[in-house]
Amino acid sequence: MAGENGSCTVLLQLSENDPFFDKKKQILQARGFGIREQLNLQYSSSCPDSVAANLEKLLQVARIIHLDEVELYFNDFDGSRPVEFCSTRNEVEALNSILSLINHTSLKDQALRDAIKDGITRQCGEKSLVESRVGRNYEGLTKEYQLVEWGVSNGVKTSLEIALIEGAGRGAIAKKDLGIGDIALEIPVSLIISEELVRQSDMFKILESIEGISVETMMLLWSMKERHDCNSKFRVYLDTLPKEFNTGLSFGVDAMMALDDTTLFEEIMQAKEHLRVQYEELVPALCNNNPDTFPSEHYTWENFLWACELWYSNSMKIMFADGKLRTCLIPIAGFLNHSLYPHITHYGKVDCATNTLKFPLLRPCLAGEQCCLSYGNLSSSHLITFYGFSPLGDNPYDVIPIDIDVGEADCSNDSPWTTHMVRGTWFSKNHGIFHYGLPTPLLDYLRKARDHMPTTTATTKEDMELEIEVLEDLISTFNSMMDNLGDTNSDYSEDYGSWDVKLSVEFKDGQKRIISSILSSCDDGIKLLQTHLQKCTS
Ligand SMILES: C[S@@+](CC[C@H](N)C(=O)[O-])C[C@H]1O[C@@H](n2cnc3c(N)ncnc32)[C@H](O)[C@@H]1O
């Protein structure tokens, strides 16, 4: 909305559908903001102070609105202190949301826009280096080029080209410098593989009569047959799909043994068991009763697993013009790899005006740089199980869920957290007394179990002694977790050549690194408390 003297108002709003609505509302209110915050922006006329003031005001609210579960759990938002930088993801999302709001106003404040864009570029500048190890090789990508040509002749617009990326198979790199807001890729809805195709196929009549079958399972069964159909409309796309996917669901015995006593072992076992049961209950009977539509040679367990891996690792959830969310395969977009510092995160909604799916950039991507998506805020264990890789860099979503037994004690408190978790304490900014780099909801839960809630202002001798007990309990829990993970992975060193054992060993090393950071933080915390205790007593 435009105002006098080039000023304007923008509206920042916390959605009522936000899964953390109450928590975020509380954080906003503690800082004097409402869930609908209308902010008046003065035209800054390039005055740096005024630009910074406008931006800070907007960022305060936008950061809170864009917090995710892990950020809410691991950051302290106590008191009325302004919310500072929480994570690169949060900062880039917040800045982009502000830019998009301002772009919808008539505010002619280029200085403010430039400051936002600079902020985004600064956030991601050093992070891009993590990705810069990518090697490029343009040979042997004939099928991929044919797919892009087919796409372009059917309405795809792209500023990306397909290349081989070291350690990640194929990926997409920018053909030219792309800026914030540029559309890297645009795919017409007619090229998206969605449930419409199974509905139009002859197998639909049979499948819809099966009680409780989901459209996702129907799509999976459709893709198992379509893969072998020479006349498929999507032949050029199907020809680019790997023969093997190499996700956690295909881990061999050695890799599973290397994972013993990790959460990933459980995750893979459960996922595979679930799929096996689903296959046995559904597929053999389907083939026996309808051999023409479901030829048994296409519907083996191996082919079923291949289709599951295809859909888990390559599908995207898309909101169509009718407002329905559908799980889809998207030719060409399926070449985009995942990054912890993605260029693209908002790609899930069909643009009704063009009937296309657009992939706009949140941050710049220079010519020749790999352009990455976010597959979601996923832990390495999820990424290994369903995608078959562990991302480069420190993953803030690598959390270890913990189930701490505090006996009979009543730990119910006002905390919105019913489950607890830890992650590498190197992510924490607060290693001081009462924090120790550990998550406050977990510490509070353990304190509550001891009927102890210290305040940061009163640090009595009893407070300190109970804090030491809490940290000692954590040390005992994490020491046994560390012991269970074993000493060394040298047993597997000869097997490092195999992709799955390598992933297992890397995962286990990552878990040990997290646990060891927690143990050191607890040790440091105890030392800190003992020093304070000595001061108290003397
Ligand atoms: C949607 S596909 C992306 C294209 C894929 N690289 C290919 O060659 O077909 C997802 C798969 O790409 C690989 N991938 C994606 N992001 C990756 C990353 N950051 N590091 C390593 N592999 C990655 C994994 O194999 C994953 O299952």
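**Entry 1: the layout**

Which domains does the domain assignment give the protein chain? I looked this up and found domain 1 (4-131), domain 2 (134-192 + 330-378), domain 3 (200-324) and domain 4 (400-537). These bounds come from an automatic or database domain assignment. I noted that residues are numbered from 1 along each chain as its sequence is written. I also noted that this is a predicted model, where local features need pLDDT of at least 70, side-chain atom pairs count only at pLDDT 80 or more, and totals for chains, interfaces and linings use all residues.

**Entry 2: confidence**

I checked pLDDT, the predictor's confidence in each residue, from 0 to 100. The protein chain averages 90, and 90% of the residues score at least 70. For the complex, the predictor gives an ipTM of 1.00 and a pTM of 0.92. A reminder to myself: where pLDDT is low, the predicted coordinates should not be read in detail.

**Entry 3: the whole chain**

I found 17 helices and 13 strands in the protein chain. Both are DSSP runs numbered from the N terminus: helices are H or I with at least four residues, strands are E with at least two. Of the 538 residues, 36% count as buried. Buried means that 20 or more other C-beta atoms lie within 10 Å of a residue's own; exposed means 12 or fewer, and partly exposed is in between, with C-beta atoms placed from the backbone.

**Entry 4: where domain 1 meets domain 4**

I then looked at contacts, which need C-beta atoms, placed from the backbone, within 7 Å. Five residues of domain 1 are in contact with nine residues of domain 4. On the domain 1 side, helix 1 (21-30) and helix 3 (69-74) are the elements that give two or more residues. By class, that side has two nonpolar, no polar and three charged residues. Here Ala, Val, Leu, Ile, Met, Phe, Trp, Tyr, Cys and Pro count as nonpolar, Asp, Glu, Lys and Arg as charged, and the others, Gly among them, as polar.

**Entry 5: around the ligand**

How many residues surround the ligand? I counted in those whose C-beta atom, placed from the backbone, lies within 6 Å of it, and the answer is 16. The closest are Ala168, Gly169, Arg170, Ser313 and Asn337. Strand 6 (169-174) and helix 13 (301-314) each give two or more residues to this shell, and strand 6 gives the most, with three. The shell divides into five nonpolar, 10 polar and one charged.

**Entry 6: strands side by side**

Pairing requires DSSP to find at least two bridges between two strands. Leu160 stands opposite Ala174 in strand 6. Strands 5 and 6 form a hairpin with three residues between them, and Gly167 in the turn has a positive phi of about 80°.

Elsewhere I found an open sheet of four strands in the order 4-7-11-10, with antiparallel pairing. Strand 4 (157-158) and strand 10 stand at the edges with a single partner strand each, so one side of each is left without a neighbour in the sheet. Lys157 stands opposite Glu186 in strand 7.

Is Ile332 buried or exposed? It is buried, with 23 other C-beta atoms within 10 Å. Ile332 lies in the loop between strand 9 (325-329) and strand 10 (350-351), and its phi is near 75°, positive in a residue other than glycine. Asp261 also has a positive phi, near 65°. I found Asp261 in the loop between helix 11 (253-258) and helix 12 (263-289); with 14 C-beta neighbours inside 10 Å, Asp261 counts as partly exposed.

Conventions. Two residues are in contact if their C-beta atoms, placed from the backbone, lie within 7 Å.
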